[in-house]
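User: I'd like to learn how to read helix packing and side-chain pairs. Could you walk me through an example?

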Amino acid sequence: MTGDTPGAGRFRSARRLIEGWALFGGLVLFAVVAVNAWSILAGWLANAPFPGDFELTEMGTAVAVFAFLPYCQLVGANVSADIFTMRASPWQVALMSLLAALVAFAFSVLLIWRMWLGLVDYRTYTEFTGILEIPIWWAFVPVLASLALLLLASFITLTEAIAALKSKRSA
């Protein structure tokens, strides 16, 4: 998927891990859709929807969304404002990429810290979902793994942005 990226060989295993994690997120999202379809169909046919389907939807969607973040960072699929780069020089674009990678890195550190504290709180006070009685902290584990991978993806894009900026400066 990202084999043509400059410097990809240096971080090949990290890139594969991040890509695999995004695929895991896709499977989780597929499972959420399947549970919802089952619940709707069972509710319509037998007046017996899947109990707690909304709980699984909330947790599964959160896990899936966070699983996609590292991949989006890695391939540059996050929100970008082309209006700023449309008339910018290659050096200015490289500088903006560097700033964006720095912000992503700092943001992922902040999110890891706050999510970790949330995990600790939910583990300490053992809050459960209302119907299925799933411990809420269970969703924090894959989310924290996603954020660790986001930090790794941010580091990769930061090193690539530094290299790009150096090459644009010397050109």
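Predicted model: local features only at pLDDT ≥ 70, side-chain atom pairs only at ≥ 80, totals over all residues.

User: At roughly what angle do the axes of helix H1 and helix H2 cross?

Analyst: Residues are numbered from 1 along each chain as its sequence is written, and side-chain values use heavy atoms, leaving out hydrogens and water. Two packed helices are described by the angle and the distance between their axes. Here the axes of H1 (residues 12-46) and H2 (residues 53-75) cross at roughly 155 degrees and come within 8 Å. H1 and H2 are therefore roughly antiparallel (angles over 145 degrees). The residues of their contact divide into 16 nonpolar, seven polar and three charged.

User: Which residue forms a salt bridge with Arg 15?

Analyst: Side chains of opposite charge can pair when their charged atoms come close. The rule asks for a side-chain nitrogen of Lys or Arg within 4 Å of a carboxyl oxygen of Asp or Glu. Arg 15 pairs with Glu 160, with the closest N and O atoms 2.1 Å apart. Arg 15 sits in H1 and Glu 160 in helix H5 (residues 137-170), 145 residues apart. Both Arg 15 and Glu 160 are buried (under 20% relative accessible area, 1.4 Å probe, protein chains only).

User: How many aromatic pairs does the structure hold?

Analyst: Rings of Phe, Tyr and Trp (its six-membered ring) pair if their centres lie within 6.5 Å. The structure holds five aromatic pairs. Trp 38 lies in H1 and Phe 50 in the loop between H1 and H2.

Notes: Axes fitted to C-alpha atoms, helices over the stretch in contact; angles between N-to-C directions. Helix = DSSP H or I, 4+ residues; strand = E, 2+ residues; numbered from the N terminus. Parallel < 35°, antiparallel > 145°, perpendicular 65-115°, else oblique. Nonpolar A, V, L, I, M, F, W, Y, C, P; charged D, E, K, R; others polar. Buried < 20%, exposed > 50% of the residue type's maximum accessible area, 1.4 Å probe, protein only. Phe/Tyr/Trp six-rings, centres within 6.5 Å; stacked < 30°, edge-to-face > 60°.
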